[in-house]
Each structure stands twice: as C-alpha cells, then as structure tokens.
Amino acid sequence: MTFQKSHELYTKGLEHLVGAVNSPVRAFASVGGNPLFIKKAKGTKIYDVDDNAYIDLVLSYGPMILGHRHKKVQKAITKALKNGYSFGASTKNEIKLAKIVCDAFPGMDKVRFVNSGTEAVLSGIRLARAFTGKDKIIKFSGCYHGHQDALLVAAGSGLATLSLPGSKGVPEGAVKNTLIANYNDLDSVKAHFEAHNDIAGVILEPIAGNMGVVIPENNFLIDLKEYLTSKGALLIADEVMTGFRSTFGGAQELLGVEADITCLGKVIGGGFPVGAYGARNEIMEMVAPLGGMYQAGTLSGNPIAMAGGIATLTELKKQNPYEKFNEVAQTIESLLLEAAKKYNVDLTVSRFGSMMNPFFTDKNVTNFQEAQSSDTKKFAVFFWEMIRNGVFLPPSQFEAWFLSSAISTKDIKKIAKAIDKSMRVVSEM
Ligand SMILES: *Cc1c(COP(=O)(O)O)cnc(C)c1O
C-alpha cells in the first residue's frame, strides 16, 4: 500500500490551504503522518488518490448514513440540478423536508433550515436567549457544538466555574455567559443555577459523540429536563450528530426526553450543507419574520441540499436500519473486546446505535475526564494499522465511528480481520 499521491497533494496543498485541510481533524495531527486525499466513494467504500480502497467508518463524520452515492439520492439531486442551483426564494421542497423533520420530532412544530451544524446551534442558542430574556448558557465539558465563539470554551476544563476561551481569537466577553458543567453530573448543573439567576438554558449532545461516544447514565436527561423546567430554563438538544442516526428522529425520543429547542445537521442534508433548528410554535414564533430574533441565510434551504435531504430521509425511513445498526455495532464491539482480551490491551467500547468507538483505557467512560484517560499513542498505532488493513477510521481517539445502512457481512469480515491484526500490533508497542 502506497500513499505517494496523497503525500504529493498534501505538500502541494500546504501552499494555499491551511495545513492542506479545510477542517482541522482531517489533518491527522493526533495520529501522525500525512492526511489521505480522497478521490471517490461508493456504498461502504472510499478510495484515495493512490487507488487504495477502504471500508469507510467516517462517513463524512456522520451524514452518509445510507452509504456513499445511494442511487435514489443521486437521482434526486440530479433532477434538482436541472431546475437551478439557488433562487433566493422559497421552494416546495423546503416545505416537504420541514414536514419530514417536524413529524419525526414530537417537540418540533416549526423548523428553520440553515447551512451547517454550527449555524444551527448558534441560532438555537440565540433563540433560547430571545425566548427566556436571559443570557447565560450551560454547556458540558467535552461536548462540541460547532465553532461559534460562545461555545468554544475549554472543553475538559476541570474548573467548572471558570470559563476560559478554548480558542485564540475568542474574546473573554464572548464566553462570559458560558458556564461549564460535567456530563452525567446534575449537581454540577444545579451549582450554576444556585450561583446565577440569568441562565437561559442548557445545551448538550443527548448522546455525546465529540469526546468519543459517551452515553447519558440512567435518568440523567430526564432529571435534567425536569430540573430545568422547574427553573424556567430551556433544554437545547444538539442532535446535529444523533438526529436521524440514533433513530428516525432524535436520540431524545429513545431517551424519554423532549427538548425545548433541537438543533440538527449532518444526516438531514445527506452529504450536502444543511443544518436546522426547531421547537414548538411558541418558541419558533420568536424568529424573524414572525418575531424579533433575527437570523438569515443567502443559501439557506438550498434546492440541491433540500433534494438530497428529502431523498436521504425518505429512503432512511423506508429502510429503517436501526435494529441492523445495533446488531452490527454489537458485533464490532465484540470483535474489539475479543481482540483486546486476546492481546492483553486495555480497552473500553462505547456505543449507541450506529455510533461507537473504542477507548484505549481500562476505565468506564462516562465523561470527558474519563475519556481523556485513553492512551492516544495506542490509538494512533491502531489507526494506521486499520488504514493499512483497509478500514478508514476518524483520525482521533475522541471521534465516533459511524455505520451506514449499506454495510454488509463481507465488510464486517474485513473489519474483523483488520481489528485482530491492528490490536496485535498495538500489543507489540
Ligand atoms: C458536527 C457537529 C456540530 C457542527 O456541525 P458543522 O456542520 O460541522 O458546523 C455541532 N454539534 C454537534 C453535536 C456535531 O456533531
């Protein structure tokens, strides 16, 4: 296996692109080596410019839930392309996608489409503030909500009360209304409410996927929602990753909670740039043109993206692959744990539906701090061995692996072999 052409493109890319990438995780910084350049993908497979084929467990970080280039999606966008690319005016398909989304989320009467998950969340936060007339937002350490200033706060900071900017260029003022709590720790939320009386709401990933997969314990979400309601504060569910991935609809439904505001992205665009935020009528009526909260977008509701989203969700509903996802994830979990045992490597596997990942630690992972106990050097070795054995993983210990409904028994066999070989190499470090 050679990566010659990828290396050449990487070197070329460095001249006019920052780190040769347009999103930092793609740079392979935490696993070492140069990033791969991709030529094409189809079904469960992705191909790099050196013509190496991989089973893709990145799936564009979630959107490609049907696998790449599903024929119905391709047909729908090809048809849409013939009518034009963008109009700056409403189209019928926006109504159609809005209905599919609202029907799938019990707490959502109305939705507004935007162009990315980041945009969905920043709008959702603005909406929570507009509706409650309060400024402070609580987020959980280790949860990622896109790159807006207010939420780029030191993820993993043990200093729950101190909000330090997690990125250069984010002014203190932009994060002074952001409070940090610990995932699966309701007391850390209550402490903030005891110290402040101007909290608009709490934002969280109902299944965390951006510190690796971390699952809410027992009644954490239900108790959190009940507590927030008693305080007149809103629950903002960032389902950009979990929406239509955990089930048809949101993780909220599976977990028995209904958020006040829900943010979506990834799967709802089927690979095109789409985000959305929605809520019950009373809240959404705050948004312009009905209300005084301004939020706009030149390309929002883009006709090609709407066609891709409708085709993806329609096919997804028809396939209803969620039980299959559970079974496949369970199989891969067993393969990982068996290999870890065989080669004596400390490993914990975390999974929910079609999101999963191993942590190279002997700890149970229920929050960011525990996730950080993982041995990232072991992950880096594992990652490159999986690549050499034809499986494309996210290049970070703290990113979820994703499954698509296109995954086959043959793919799983290939993954099984790769896991066994890679774990052996990890044990020889
Ligand atoms: C990916 C992600 C975002 C950001 O979405 P972008 O489309 O990358 O801007 C926000 N929240 C969560 C939970 C995500 O997984």
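View 1. Nine residue pairs between domain 1 and domain 2 are in polar contact, both residues at pLDDT 80 or more. A polar contact is a pair of N or O atoms within 3.5 Å; within protein, one must be able to donate a hydrogen and the other to accept it, and residues adjacent in sequence count only if both atoms are side-chain atoms. This is a predicted model, where local features need pLDDT of at least 70, side-chain atom pairs count only at pLDDT 80 or more, and totals for chains, interfaces and linings use all residues. Residues are numbered from 1 along each chain as its sequence is written, and side-chain values use heavy atoms, with hydrogens and water left out.

View 2. Helices (H or I, at least four residues) and strands (E, at least two) are DSSP runs, numbered from the N terminus. With four residues, β12 provides the largest share.

**View 3. The area buried between the domains.** Domain 1 and domain 2 bury about 2,500 Å² between them, 65% of it on carbon and sulfur atoms. Buried area is the accessible area (1.4 Å probe) that two parts lose on being put together, summed over both. Look for Tyr322, Phe352 and Phe368: they supply 28% of the area that domain 1 buries against domain 2, more than any other three residues.
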